[in-house]
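Colleague: I am new to this structure and would like a close look at one part of it. Please take me through the pocket, then what surrounds it.

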Amino acid sequence: MNLWNDPAASVDERADALLAAMSLDEKVGQLASFWPQPAASSQVAGDVAPMESAMSDGLSWDESIRHGLGHLTRNFGTEPVSVDDGVKRLRDYQRQVVDQSRFGIPAIAHEECLTGFTTYGATVYPAAIAWGATFDPDLVEEMAAAIGSDMKAVGVDQGLSPVLDVVRDYRWGRVEETLGEDPYVVGTLGAAYVRGLEGAGIVATLKHFAGYSASKAARNHAPVSIGPRELEDMILPPFEMAIREGGARSVMNSYSDVDGLPALASNRLLTHVLRDRWGFRGTVVADYFAVAFLETTHRVAAGPRAAGILALEAGLDVELPSTTGYADLASAVADGVLDEAYVDRAARRVLRQKIELGMLDPAYDPTSVGESTDLDSPRNRDVSRRLAEQSIVLLSNDGVLPLQVPSRIALVGPCADDPNTFMGCYSFPNHVLSRYGGDDLGVDVPTLLDALRGEVEAEVVHHLGVPVTEADRGGLDAAVGAAAESDVAVVVVGDLAGLFGLGTSGEGCDAVDLRLPGIQEELVERVVATGTPTVLVVVSGRPYALGAFADRCAAIVQAFMPGEEGGAALAGVLTGRLNPEGKLPVGIPAHHGGQPGTYLAPPLAWYSEGISNLDPRPLFPFGHGIGYTSFELTDLHISEESVATDAMVEVAATVTNVGDRAGAEVVQLYLGDPLAQVTRPLKQLVGYAKVRLDAGCSATVTFDVHMDRTSFTGRDLERVVEPGRIDVTVGTSSEDRRLTGRFEITGETRVVDEGRVLTTPVRIDG
């Protein structure tokens, strides 16, 4: 047995031995990829990757596997394929790769998995922004474990999720793919997703590293002009948490440039931060066509080979989705323009990963990769249902909800009976099936109309009203008339996810402002004007400005693309079968424009009376959400009045359900730093706990706050813990912080080394 095939040897020993035996061409082959495309006869419209139709096809299959292959791209996720056919095709691909390789090395098969395994017939879970609304890491981990087990069953090795971009501008099309605007929520939920996926044996891929969501004017791929403090304190922490706390084994680059340097060409990001500082040992893979973009869009490389060299030297290991820039790496070494040590560095990382995945063990058999399995099992649908139920946010309610069994309900709006509006951009129905036409979704997705009619005895009268995007008023009068003749009107508006401008939310579907798409606001205004009590339900991937009519709606419900079980979850909230428990992972703006920022604002970014006439404060703040019961917070206790810069303090509070039914509350801990060497947010979430209580019951929530959690990037660009007063507030949203206290950090300013405390452990007693 060769050393590299010996499971008893260490991963490093095996990788080193194999690397030493390989030729330069064979090592370069491990950095390459191949993307099988639909048959030429398929009637396919649109791209599933940016500028896909304008890109070179890369190397052919035979050329790609001549010296071995690193990755096989989206065997299941490029076109509609049954589980059996997909498994059969993957086995054939892997057999050819192994047979062609002198060392019998298979390829890593990767797939998208942001709203579930992106393949035909697989469960469509709520969009990632909905996971943020749950504030429930355990549930997110359970979902990821289910996704991972399905992928593993059919022979997939790596998943291109989660997205850890922190929302900086709500107009960005990919807000739906994020976990919200707070780095701690993004980091804790993202790390939970990673644990679930990795625990199922799937390599989790963090994206997009780094800065993608902070693009100018929220345009896709646009330049990012942020300073080092914003990058270090707002953008990078979730990635560090997912690596150190979650165990992620892969990272994908951002398309954007930061201060003029594309992330894919940044040695600082891909090598210094990831590896030298955080100790990351996994692989860095390219976002699709990102290597080519160094030449064609960023214009920092003179051609494909120059782009490949630039990316490899910066720290990229594998080019995806196919091989263009990396096709000439061997010749670049031969010509003396590339040090072979860079090829060795990347190839060793890929080989380590394949060894970890068991691909070089004697038991690996390419003809038995994968098996037939139910990708939309009852287990999956149960997890999807619970995620949807916990993600729905009740923003306001004058008592009209739960619905009091009216005799007639007008259910109007474009999202009331369109299942696609419940699903994110990276769901298979919207991402792939929409390119083929037809109504087949591959899974059962009951709409709100279906669910409500099955849940209430009242007559439910449905009218479209207006489409999501088009200015078609043909159905407007009928919808308004139905509302006027009903006891209550439920107006369901929002988004339809798509790609590159073909939707109102999703990759490349950026918004000029935060007005509801199309003429949906006209529908809302006219229904409200009838005088019929109106429940506004927003099903969207981003927050939209609701200030124009919020005071005139009897209730407002926000659902962030709740997936295939979203219809029943929404119906349950409207009827009272479910007590809503979602909390906003992003604020809901009051006005359309003004580029409202997130809650993480220093004094001059918040309301500044006498300085600016624009008020950026949200209509409904980050962390907000009410239910059909009430909670009180009391008895704030801070264990120490003063604490050293490297010590810890306990912060405790009591939460009591003072209503008449069971419910859940998210207790939120915020810190404020009123005097610092650089400007600091007025308040910042450092801990949270979801607490479920029966009516009349109480629990004590205790947070262990290490002083590392107060650290920030200081004047000299070093991370520091600074002595001084820290304000402590505990509440139920970023603006409803009912309990207040403080403690003093004493001693000298401490420079915080790598490996700082990233999380705030929490205990719930009672």
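Colleague: How many nonpolar, polar and charged residues does the lining of the largest pocket have?

Modeller: This is a predicted model. The lining of the largest pocket has 18 nonpolar, 12 polar and nine charged residues. The pocket's volume is about 780 Å³. In total, 39 residues line the largest pocket. Closest to its centre are Arg168, Glu230, Leu600, Pro602 and Ala605.

Now the elements behind that lining. Helix H8 (228-235) supplies at least two of its residues, and so does strand E22 (712-713). The largest share comes from H8, with four residues.

Next, the cores. The largest nonpolar core has 183 residues. Among those with the most contacts inside this core are Leu31, Trp131, Met143 and Phe209. Take Phe209. Leaving aside neighbours within four places in sequence, Phe209 is in contact with residues including Leu236, Phe239, Val251, Leu269 and Trp278. A second, separate core has 35 residues, among them Val400, Val488, Val557 and Ala569. In soluble globular proteins, nonpolar side chains tend to be buried together.

Last, a sheet. Seven strands form an open sheet, in the order E1-E2-E3-E4-E5-E6-E9, with parallel pairing. Strand E1 (33-34) and strand E9 (283-285) are at the edges. Each has a single partner strand, so one side of each lacks a neighbour in the sheet. Look at one pair within the sheet. Strand E3 (residues 108-111) runs parallel to strand E4 (residues 158-159), and two bridges join them. Glu111 stands opposite Gly159 in E4.

Key: Residues are numbered from 1 along each chain as its sequence is written. This is a predicted model: local features need pLDDT of at least 70, side-chain atom pairs count only at pLDDT 80 or more; totals for chains, interfaces and linings use all residues. Side-chain values use heavy atoms; hydrogens and water are left out. On a 1 Å grid over the protein atoms alone, a cavity is a set of points where a 1.4 Å probe fits but cannot get out, and a pocket is an open set with protein on both sides within 12 Å along at least five of seven lines; lining residues have an atom within 4 Å of a point. Grid points are joined across faces, edges and corners, and a volume is the space filled by probe spheres set on the points. Ala, Val, Leu, Ile, Met, Phe, Trp, Tyr, Cys and Pro count as nonpolar, Asp, Glu, Lys and Arg as charged, and the others, Gly among them, as polar. A nonpolar core is a set of buried Ala, Val, Leu, Ile, Met, Phe, Trp, Tyr and Cys residues joined through side-chain atoms within 4.5 Å. Buried means under 20% relative accessible area, exposed over 50%, partly exposed in between (1.4 Å probe, protein chains only). Contact means heavy atoms within 4.5 Å. Two strands pair if DSSP finds at least two bridges between them.
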